[in-house]
Amino acid sequence: MNREFRDLSVNEPDGRLYYDLVDRAGKTLVSGVSPRLVSPVLRQGDRWGAAAANQLLRLDENGVPVLAIPPKAVGGLARAAHKKQGRVHQLTADGEDLRFAAAADFEAGDTFTLNGQAVSAITLSGEALWPGYFKKGSVVLCHKQGDVLTFSGGGGLSSADKETVKAFLAVGRSVLGGQVKGSYTADATAREFELLKGRTAYVNGRRIEGTIPWKGAEAFTPGTRDQVIQSGQYLSGSQTIRGDAALVPGNIRRGASVFGVKGALAEKKFSAVYGVQAHYEPDWISLTGQSPLGDFSILQENAYQAKIVVNRTGLYDVFHTCQGNMKLEPGPGAALGPEVQLSAGAAFYITPKGGGDGGSLAFAALRVLA
């Protein structure tokens with residue numbers, strides 16, 4: 001069973017209010033005083049007292065206010081039935097000053113009908129209702145004039161009031177369902193050198209433009225001097241420091257360090273150079289400049305072929321050059337190049353290529369000692 005607000009109730013048959021006036025001690029001074037009561041709540045801004053509340057609301061058994069206006073006009077106000085179907089809020093009522101308990105939220109794109117006829121909806125300031133203007137269960141007031149419903153509930157703001165609110169609301173914040181967006185910037189602290197070049201911002205009402213330069217992608221190859229990426233830039237692309245798979249200890253001389261990699265390559269020591277020069281003249285190979293040191297021997301097999309024989313197995317650096325009608329061919333167990341393993345008895349063969357009368361050849365070999 002619903003109960004009324006406790007601070008004021010109307011129980012007299014004539015509908016009037018009767019008061020007993022008492023002093024601070026509780027003594028009745030005057031009884032049966034009946035003031036004339038007219039509800040003052042008609043428009044936004046009217047004073048809302050307990051007397052007006054008792055005409056509009058009752059408290060249910062849980063203490064929650066519920067609408068308690070009779071179906072017909074009471075004191076110039078009429079209760080409207082409200083329901084929502086799809087995007088349409090359907091109101092049914094007699095009279096021009098209407099109140100209804102919202103059966104659903106007001107959302108973006110919603111429209112209204114009154115007694116089946118389409119009507120437009122605006123606030124007291126003449127603006128359209130915004131999403132969330134009223135919520136399900138709230139008591140909403142509006143006035144009908146022609147085919148326009150003017151809403152005085154929901155806290156509508158005039159355009160001037162909105163501008164005032166915006167000026168005190170921080171940028172990025174909004175109220176009234178996004179209808180009022182803040183423009184207050186006095187609490188901003190950014191400076192030009194803290195913003196990217198080409199970007200702008202407002203600080204304390206002043207428009208500033210950033211000065212931080214952009215730096216695109218770049219690759220750096222290590223060298224003998226430092227390459228510095230200057231501070232105060234925005235790295236909009238990847239900065240790549242190139243690497244090299246050959247940067248390993250085994251490729252760096254022992255005792256040296258390259259980019260923090262310590263060398264492990266031992267310095268090589270060699271025996272004396274063994275050198276041979278050979279010349280080919282028509283029908284004959286001649287050998288000159290021989291330096292036999294025991295590691296190799298040279299044999300003239302016939303007029304057209306000679307060979308260099310390995311006498312000692314070991315690790316050698318072996319090189320040669322050929323010009324004209326001359327060639328050098330490694331035999332089994334022999335090879336050309338740095339740090340090649342040669343076996344005793346292996347041979348290199350010196351022969352004409354064929355197709356010419358003259359030519360020359362130089363052969364050099366060093367045995368690696370350590």
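**Phe100 and its surroundings**

Phe100 is in contact (heavy atoms within 4.5 Å) with Ala80, His82, Leu91, Phe134, Ser138, Val139, Val140, Cys142 and Phe151, leaving aside its neighbours within four places in sequence. This is a predicted model, in which local features need a pLDDT of at least 70 and side-chain atom pairs count only at pLDDT 80 or more, while totals for chains, interfaces and linings use all residues. Residues are numbered from 1 along each chain as its sequence is written, and side-chain values use heavy atoms, with hydrogens and water left out.

Phe100 lies in strand β8, residues 97–101; helices (H or I, at least four residues) and strands (E, at least two) are DSSP runs numbered from the N terminus. Phe100 counts as buried because its relative accessibility is 0%. Here buried means under 20% relative accessible area, exposed means over 50%, and partly exposed lies in between, with a 1.4 Å probe and protein chains only. The C-alpha atom of Phe100 is separated by 9.3 Å from that of Gly137, 37 residues apart along the chain.

Asp97 also lies in β8. With a relative accessibility of 18%, Asp97 counts as buried. Its side chain is joined to that of His143 by a polar contact of 2.7 Å. A polar contact is a pair of N or O atoms within 3.5 Å; within protein, one must be able to donate a hydrogen and the other to accept it, and residues adjacent in sequence count only if both atoms are side-chain atoms.

Strand β8 belongs to an open sheet of eight strands with mixed pairing, in the order β5-β8-β11-β12-β10-β9-β7-β6. Strands β5 (78–79) and β6 stand at the edges with a single partner strand each, so one side of each has no neighbour in the sheet. Two strands pair if DSSP finds at least two bridges between them. β5 and β8 pair in the parallel sense over two bridges, and Ala78 stands opposite Leu98 in β8.

Ala81 stands opposite Thr92 in β7. The hairpin of β6 and β7 has two residues between the strands, and in it Gly86 takes a positive phi near 65°. Strand β7 (residues 88–92) has a covered face, His89 and Leu91, and an uncovered one, Val88, Gln90 and Thr92. β7 pairs with β9 (residues 111–114) in the parallel sense over four bridges, with Leu91 opposite Leu114 in β9.

Asn115 lies in the loop between β9 and β10 (117–123). Phi of Asn115 is near 55°, a positive value in a residue other than glycine. Most residues other than glycine have a negative phi. Asn115 is partly exposed, with a relative accessible area of 42%. Glu339, in strand β29, has a positive phi too, near 50°. Glu339 is partly exposed at a relative accessible area of 43%.

Which residues have the most contacts inside the largest nonpolar core? They are Phe296, Ile308, Val318, Leu342, Phe348, Ile350 and Phe363, in a core of 24 residues. β23 (274–281), β24 (284–288), β25 (296–302), β26 (305–310), β27 (314–324), β29 (337–342), β30 (347–351) and β31 (359–367) each supply at least two residues of this core. The most comes from β23, with four residues. A nonpolar core is a set of buried Ala, Val, Leu, Ile, Met, Phe, Trp, Tyr and Cys residues joined through side-chain atoms within 4.5 Å. Not counting residues up to four places away in sequence, Ile308 touches Tyr274, Val276, Phe296, Ser297, Ile298, Ala346, Ala347, Phe348, Ile350 and Phe363. Apart from this core lies another, of 20 residues, among them Phe106, Leu114, Leu129 and Phe134.

Four strands form an open antiparallel sheet in the order β25-β26-β30-β28. Its edge strands, β25 and β28 (327–330), each pair on one side only. Six bridges join β25 to β26, which run antiparallel, and the bridge partner of Asn302 in β26 is Gln305.

Confidence is given by pLDDT, the predictor's confidence in each residue from 0 to 100. The chain averages 77, and 72% of the residues score at least 70. Confidence is lowest in helix α1 (residues 50–56), at a mean of 53, and highest in β9, at 96. Over residues 37–41 the pLDDT is below 50, and this stretch has 14 contacts in the model beyond near neighbours in sequence.
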